[in-house]
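This report describes selected features of a protein chain.

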Amino acid sequence: MSKAKTDRELGMGRSITRRDFLNGVSLAVGASVVPRSFAWLAFGVPEPMLAPENDPNYYPPAKTGLRGSHDGSWEVAHALRDGKEWPDAVSDNESYDLIVVGGGISGLAAAYFFRKSAGPQSKILVLDNHDDFGGHAKRNEFKAGDRLLLGYGGTQSLEAPHHYSKEAFGLLQELGIDVDRFFKYFDQSLYKSMSLKRATFFARETFDRDVLLPGFGTHYLGLTYSSETLAKIPIAEPARQDLSRLQQANVDYMAGLSLEEKRRKLTKTSYRDYLLQYVKVHPDVIKVFQSAPHGLYGVGIDAVSALDCLEMDYPGFRGIQLESHENSPEQAEPYIFHFPDGNSSVARLLVRSLVPGSAPGNTMEDIVTARMNYARLDNPDSSVRIRLNSTAVRAKHVGDLHNASEVEVTYVRGNQARKVRAAHCVLACYNTMVPYLCPEMSEKQKEALAYAVKIPLVYTNVQIANWKPFEKLGVSSVYAPASYFSSVSLDFPVSIGDYHFPSQPEQSCLLHLMRTPCQPGLPCKEQYKAGRWDLFTTTFATFERNIRDELGRMLVEGGFDPARDIQAITVNRWPHGYAYEYNRLFEPLDRPASERPCVIGRQPFGRITIANSDSDGHAYTNIAIDQGYRAVQEILTMRSGSTS
Ligand SMILES: Cc1cc2nc3c(=O)[nH]c(=O)nc-3n(C[C@H](O)[C@H](O)[C@H](O)COP(=O)(O)OP(=O)(O)OC[C@H]3O[C@@H](n4cnc5c(N)ncnc54)[C@H](O)[C@@H]3O)c2cc1C
């Protein structure tokens, strides 16, 4: 077994941009230092002059270190959860037609749909607790000399956009997005032309020795392998034979059961248990597949049903006679609908459309390199205003629920609570926040809203000096079932407008690493809760050390030296990540769709309606848009009722 590297050998002392400490202190509740950017609070200076967003250097996409739900974004919400109140809120003396809580894609889409229906003069305020808009759709910028490198800190791609609802697809079109242009912008042949393959990295802690195996990767789980490839997998010989059997044998491991019985049993059996109890594989096989569903489910095969795995075309079901979904129309669309900053471009297009002067340009191409003007977002002259660094802590009707004509929203910005009113309010924030914002809701609705547990995950961008090690190894992406990050990939090769993907291996580029902090063995919601805690308590230094160690070991044969080759790191941690997707291994089998907690929870509450992808229990951009649309339709129906 090779020796673990020291911090020094890994380059832990090297100067990369690492500003998480500053990010963390800048907005923390109760921080003893008054941050410069919030100095108006301490010195009575008028806010607009010194609001942090007005500083010409305020540019969150370029921040590195610990991002995603960065320190400073979550403390107020956690204090609210823990019982804090803000009785001394000062009034902004502002009044709006609509306040939207949550500046993710759902909230921005709600603002867009409302303005479209209610007219361009509609006054709308969007509040978000982060220092940047977009929610999970977050942009990470890097510099390689004069060249801009763009990465996605969250929401990656538009998945199967031709199957979006007409509202969601229509919104993309109105924003100027012609999805078919991605066929030109996404270079589908680059890695293939260089013979780069998917690979698996077997880490020595679980597999005895470190092995990088090109040609064996998650997306090939269902395929057969040559005996040479199988021989290189560092598992016990009987496990290798089982792997081969799994992939080749046409056996019905549930013989004797009807198709319906099989379906029901597979729904309530994890893939792990199916492999062990029905296929009877050697336990080493489990180690190989354990992390395969991480990217989709945020948990391993112990907490994903065998039926889901069958539908994803995992091996072992060839003789079962149930259909996989691999040939569904959605699967037929290639995975190419990707802006270099992910769906942050969608959020940026929404903001450009909502707030005049917030970004130059007018095409889907020029938004990619446009620099947003954050000082314009909360401009009193604009009918739509976006107020960042502002956490809503209360949304209540002014007067009686049934007769109120206004909603008052209290929010905390800096260390000051403020109040603002509007005729209507859309809560496009995490649904679990809503019971804290509206404690007078019925217990049934609050319980339903609190039901879901969002899925924690980490998307990390690592800037490296060049990608020659990948060329040398013949690898474009790596599945790492036993490592801290369970996948590592070269960025998607997309060039659009003035943005050019670094297509030469000698060029500096971004690697994308994904981690899901799950705890195998627990029910999935418990895994998500434990993972969330893990993310809140993991320091940047721990992430950095793991990144250096993992990349160094994985790519060593390609000549990669983490101390020399890593230039910058941005860790986007999402303790509240994907919307909870009603994992059928753990959910009741026969619950009608209308009785799902998200449906009960999203009912209008007086003048307050509820959006966010949480309200449909699906973590997708189109769902976030659809839910923003629905929440606005509910308001419009209410308005037409009150005027008729
Ligand atoms: C890592 C990751 C990758 C993803 N990849 C994809 C993908 O490739 N394709 C795809 O279609 N979908 C993807 N998704 C899902 C997709 O991002 C979401 O469905 C969608 O963007 C969610 O938008 P939203 O507005 O509903 O919620 P969010 O993006 O969560 O926005 C809600 C906002 O409200 C804020 N907020 C919460 N409480 C308060 C409060 N009290 N006051 C003020 N603000 C508050 C939150 O901090 C957040 O900024 C991904 C999600 C994650 C986490």
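In helix α7, which spans residues 166-174, the buried residues are Ala 168, Gly 170, Leu 171 and Leu 172. The model is a predicted one. Just after α7, Gly 176 adopts a positive phi of about 95°.

Helix α7 packs with helix α6 (residues 105-118) at an angle of about 85°, and the two axes lie 12 Å apart. Angles of 65 to 115 degrees count as roughly perpendicular, and α6 and α7 are therefore roughly perpendicular to each other. On the α6 side, the contact is made by Ala 109, Tyr 112, Phe 113 and Lys 116; on the α7 side, by Glu 167, Leu 171 and Glu 174. The residues of this contact comprise four nonpolar, no polar and three charged.

## Nonpolar cores

The largest nonpolar core contains 72 residues, and Phe 133, Ile 177, Val 346 and Val 426 have the most contacts inside it. Helix α6 contributes the largest share of this core, with eight residues. Another core, of 50 residues, lies apart from it and includes Phe 207, Val 299, Val 304 and Val 599.

Which residues does Val 346 contact, leaving aside its neighbours within four places in sequence? They are Ile 105, Leu 158, Leu 172, Leu 175, Ile 177 and Phe 339.

## Pairing around strand β2

Strand β2 (residues 90-101) pairs with strand β11 (residues 416-427) in the parallel sense, over eight bridges. Within this pairing, Leu 427 of β11 is the bridge partner of Val 101.

Strand β2 is also joined to strand β3 (residues 124-127), by four bridges, and these two strands run parallel. Here Val 100 stands opposite Val 126 of β3.

## The eight-stranded open sheet

An open sheet is formed by eight strands in the order β1-β16-β12-β15-β14-β13-β6-β7, with mixed pairing. The edge positions are taken by β1 (65-68) and β7 (211-214); each has a single partner strand, so one side of each is left without a neighbour in the sheet. From one strand to the next, the twist averages 25°.

Val 211 of β7 is the bridge partner of Phe 202. Helix α24 (residues 540-554) packs on the sheet, touching β1, β6, β7, β12, β13 (475-479), β14 (487-490), β15 and β16, and its direction makes about 115° with that of β16. Helix α23 (residues 524-537) lies across β12 (455-464), β15 (509-515) and β16, and runs at about 145° to β16.

## Val 571 in strand β16

Val 571 is located in strand β16, residues 566-578. Is this residue buried or exposed? Buried means under 20% relative accessible area, and Val 571 counts as buried because its relative accessibility is 0%.

Not counting residues up to four places away in sequence, Val 571 touches Gly 65, Leu 66, Arg 67, Gly 68, Val 458, Tyr 459, Thr 460, Phe 540, Phe 543 and Ile 547. Along the chain, Val 571 and Arg 584 are 13 residues apart, and their C-alpha atoms are separated by 31 Å.

Definitions and conventions
Residues are numbered from 1 along each chain as its sequence is written. This is a predicted model: local features need pLDDT of at least 70, side-chain atom pairs count only at pLDDT 80 or more; totals for chains, interfaces and linings use all residues. Side-chain values use heavy atoms; hydrogens and water are left out. Buried means under 20% relative accessible area, exposed over 50%, partly exposed in between (1.4 Å probe, protein chains only). Contact means heavy atoms within 4.5 Å. Two strands pair if DSSP finds at least two bridges between them. Axes are lines fitted to C-alpha atoms, for helices over the stretch in contact, and angles run from 0 to 180 degrees between N-to-C directions. Angles under 35 degrees count as roughly parallel, over 145 as roughly antiparallel, 65 to 115 as roughly perpendicular and the rest as oblique. Ala, Val, Leu, Ile, Met, Phe, Trp, Tyr, Cys and Pro count as nonpolar, Asp, Glu, Lys and Arg as charged, and the others, Gly among them, as polar. A nonpolar core is a set of buried Ala, Val, Leu, Ile, Met, Phe, Trp, Tyr and Cys residues joined through side-chain atoms within 4.5 Å.
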